[in-house]
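Trainee: I am new to this structure and would like to learn how to read it. Please take me through it step by step.

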Amino acid sequence: MSDSPSLLLKVVDSVAMVTIARPAKRNSLDTTTWHALAETCTAIAANGDVRAVVLQGEGAHFSAGADIHELREHVGDTAWMAHNQDTIAQALDAFAALPQPTIAVICGTCYGGGAALAAASDFRLCTTDAKFAITPSKLGLTYRLVDCLRVVELVGAARAREILLLAKEVDAATAVNWGMVTECVDPALLPSAVAAMLSRITSLSSYSARGIKQSLLKIRAGQTNDDAETRQIFADAFKGTDFAEGASAFIEKRVPKF
């Protein structure tokens with residue numbers, strides 16, 4: 001895994017805390033940071049002890065999106081641009097494909113590539129000061145189809161058109177109304193909201209979470225029927241220790257200990 005200072009990973013009590021650490025640049029995402037995220041996701045996915053992943057920005061902002069200053073420096077360098085685009089795609093898709101439930105914790109600015117990461121998360125917690133925008137049309141750029149699709153899945157096609165085609169900035173209250181976020185809280189209450197969601201996730205079966213997420217990922221990729229892998233995951237659950245504990249807890253009317 002990369003030791004890039006622009007992306008920090010800390011695993012505490014089965015939770016992987018991933019922090020975009022470029023606060024002086026509102027946590028904009030340069031190529032190094034995207035590459036570090038892809039490597040970090042590979043490490044997290046392989047760690048069977050990690051039960052949940054939190055993605056956050058250091059300081060007052062989640063992420064201002066792509067580092068436009070870096071992009072401008074390489075205008076005309078087609079090889080560099082191709083590498084940059086591949087790196088971004090790998091990082092976004094690796095994050096979206098993590099087998100553990102993921103939470104984006106959003107304060108302040110959540111623009112462009114940052115918004116793509118938020119949309120790729122399973123859950124989004126934001127503060128009342130959060131602002132969302134996807135603005136490639138202000139730069140003469142576009143958004144990948146899969147990233148557009150994630151926006152559509154969150155807010156529907158009509159709202160997605162407002163966000164994408166009009167480069168519309170959305171405040172926290174609107175984000176709640178449009179279904180862009182799972183929960184919105186006062187900044188002072190954000191730590192307790194994150195803790196509550198993590199407590200909920202880690203109180204449930206990690207085998208169930210991984211199995212169900214695998215199916216959800218296949219569904220969003222267009223699959224509509226079970227395959228050998230999903231059938232095996234389903235069958236193996238009945239032979240697993242989590243089911244033994246869950247069934248015993250149900251019969252004994254107690255909280256299961258997963």
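Mentor: Start with Thr127, which sits in strand 6 (residues 123-127). Helices (H or I, at least four residues) and strands (E, at least two) are DSSP runs, numbered from the N terminus. This is a predicted model: local features need pLDDT of at least 70, side-chain atom pairs count only at pLDDT 80 or more, and totals for chains, interfaces and linings use all residues. Residues are numbered from 1 along each chain as its sequence is written, and side-chain values use heavy atoms, with hydrogens and water left out.

Trainee: Is Thr127 buried or exposed?

Mentor: Buried means under 20% relative accessible area, exposed over 50%, and partly exposed in between (1.4 Å probe, protein chains only). Thr127 has a relative accessible area of 1%, so it is buried.

Trainee: What does Thr127 touch?

Mentor: Contact means heavy atoms within 4.5 Å. Not counting residues up to four places away in sequence, Thr127 touches Ile106, Cys107, Gly108, Ala172, Cys184, Val185, Pro187 and Leu190. A polar contact is a pair of N or O atoms within 3.5 Å; within protein, one must be able to donate a hydrogen and the other to accept it, and residues adjacent in sequence count only if both atoms are side-chain atoms. The side chains of Thr127 and Asp129 make such a contact, at 2.3 Å.

Trainee: Where is Thr19, and which side chain does the side chain of Thr19 meet in a polar contact?

Mentor: Thr19 belongs to strand 2 (residues 15-20). With 12% relative accessibility, Thr19 counts as buried. Its side chain makes a polar contact with that of Gln56 (3.0 Å). Beyond neighbours within four places in sequence, Thr19 is in contact with residues including Ser6, Leu7 and Gly57.

Trainee: How should I read a helix such as helix 9?

Mentor: Begin with its span; the expected value is 1.5 Å times one less than the number of residues. Helix 9 (residues 206-220) has 15 residues and reaches 21 Å from its first C-alpha to its last, close to the 21 Å expected. At the N-terminal end, Ser205 caps helix 9, with a side-chain oxygen 3.2 Å from the backbone nitrogen of Tyr207. Just after helix 9, Gly222 has a positive phi of about 105°.

Trainee: Which residues of helix 9 are buried?

Mentor: Gly211, Lys213 and Lys218 are buried. The face turned away from the buried side carries the exposed residues Ile212, Leu216 and Ile219.

Trainee: How is empty space found?

Mentor: Rolling a probe the size of a water molecule over the atoms shows where empty space is left. On a 1 Å grid over the protein atoms alone, a cavity is a set of points where a 1.4 Å probe fits but cannot get out, and a pocket is an open set with protein on both sides within 12 Å along at least five of seven lines; lining residues have an atom within 4 Å of a point. Grid points are joined across faces, edges and corners, and a volume is the space filled by probe spheres set on the points. The search finds 1 cavity of 30 Å³ or more. The largest cavity has a volume of about 120 Å³, and helix 4 gives the most to its lining, with 3 residues.
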